[in-house]
Amino acid sequence: HYWFAGEASHHYRIKKIWWPAFSPDLNPIENFWGWMVNRMGAVEGDTQEELWDWIMQCWEEMADQRNYWENLIDSMPERLARVIELDGDLRKY
């Protein structure tokens, strides 16, 4: 992220924000991984190729779920406010 420093950030008007190094609450893809983990019981097959096929099937299934992704993105202001409120701690689920 060197190009974000100095002149480049000024020239491109990039506003840097502090972001916790480990912040699953601020990373919507973590919800997708959680969804996949919950489906792991449905995995059929024992080979790496079969597992990869299953992962791709999950990804393709969720790629068509526009509302799912939009809801995750729309939840970011609330997630960010909650992380700020908790002073960087993770949300308690």
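What follows is a set of questions and answers on this predicted model.

Me: Happy to start with the rings. How many aromatic pairs does the structure hold?
Reply: Pairs are picked by their ring centres, which must lie within 6.5 Å. By that criterion, the number of aromatic pairs in the structure is 6.

Me: Let's take phenylalanine 32 and tryptophan 59: is the pair stacked, tilted or edge-to-face?
Reply: A pair of aromatic rings is described by the distance of the centres and the angle of the planes. For phenylalanine 32 and tryptophan 59, the centres are 4.9 Å apart and the planes stand at 80 degrees. Angles over 60 degrees fall in one class, so this pair is edge-to-face.

Me: And where do those two residues sit, and how many residues apart are they?
Reply: Phenylalanine 32 belongs to helix α2 (residues 29-38), while tryptophan 59 belongs to helix α3 (residues 48-63). The pair therefore links distant parts of the chain, with a separation of 27 residues.

Me: Nice. Which residues form one aromatic cluster?
Reply: Another edge-to-face pair is made by tyrosine 68 and tryptophan 69, with centres 5.0 Å apart and planes at 90 degrees. Tyrosine 68 is partly exposed at 24% relative accessible area. Both residues belong to the cluster, which is formed by Phe32, Trp33, Trp35, Trp59, Tyr68 and Trp69.

Me: Now for helix α3. How far apart are its end C-alpha atoms, and what span should its residues give?
Reply: Helix α3 has 16 residues, and at 1.5 Å a residue it should span 22 Å. The expected span counts one less than the number of residues. The model agrees, since the end C-alpha atoms are apart by 22 Å.

Me: Which residues of α3 are buried, and within what arc do they fall?
Reply: The buried residues of α3 are Trp54, Cys58 and Met62. Looking down the helix axis, these buried residues line one face, whereas Glu49, Trp52 and Glu60 are exposed on the other side of α3. The buried residues line one face because they fall within an arc of 65 degrees.

Me: Which residues form a nonpolar patch on the surface?
Reply: One member, leucine 51, is found in helix α3. Leucine 51 is partly exposed, with 34% relative accessible area, and patch members need over 30%. Together the members have about 260 Å² of accessible area, and they are Val37, Met40 and Leu51.

Me: On to charges: which residue does arginine 39 meet in a salt bridge?
Reply: Arginine 39 lies in the loop between α2 and α3, and its partner is in helix α3, 22 residues apart. The N to O distance is 3.0 Å, and the partner is glutamate 61.

Me: Last one: in which helix do glutamate 70 and arginine 66 lie?
Reply: Their side chains meet in a salt bridge at 2.6 Å, N to O. Glutamate 70 is partly exposed at 31%, while arginine 66 counts as exposed at 61%. The two residues are 4 apart, about one turn of the helix, and both lie in helix α4.

Terms used
Residues are numbered from 1 along each chain as its sequence is written. This is a predicted model: local features need pLDDT of at least 70, side-chain atom pairs count only at pLDDT 80 or more; totals for chains, interfaces and linings use all residues. Side-chain values use heavy atoms; hydrogens and water are left out. Rings of Phe, Tyr and Trp (its six-membered ring) pair if their centres lie within 6.5 Å; planes under 30 degrees apart count as stacked, over 60 as edge-to-face and the rest as tilted. Buried means under 20% relative accessible area, exposed over 50%, partly exposed in between (1.4 Å probe, protein chains only). Patches are made of residues with over 30% relative accessible area and no salt bridge: like charges are joined within 9 Å, nonpolar side chains (Val, Leu, Ile, Met, Phe, Trp, Tyr) within 5 Å. Accessible areas come from the Shrake-Rupley method with a 1.4 Å probe; for residues, only the protein chains shown count as cover. A salt bridge is a side-chain nitrogen of Lys or Arg within 4 Å of a carboxyl oxygen of Asp or Glu. The arc is that of the directions from the helix axis to the C-beta atoms.
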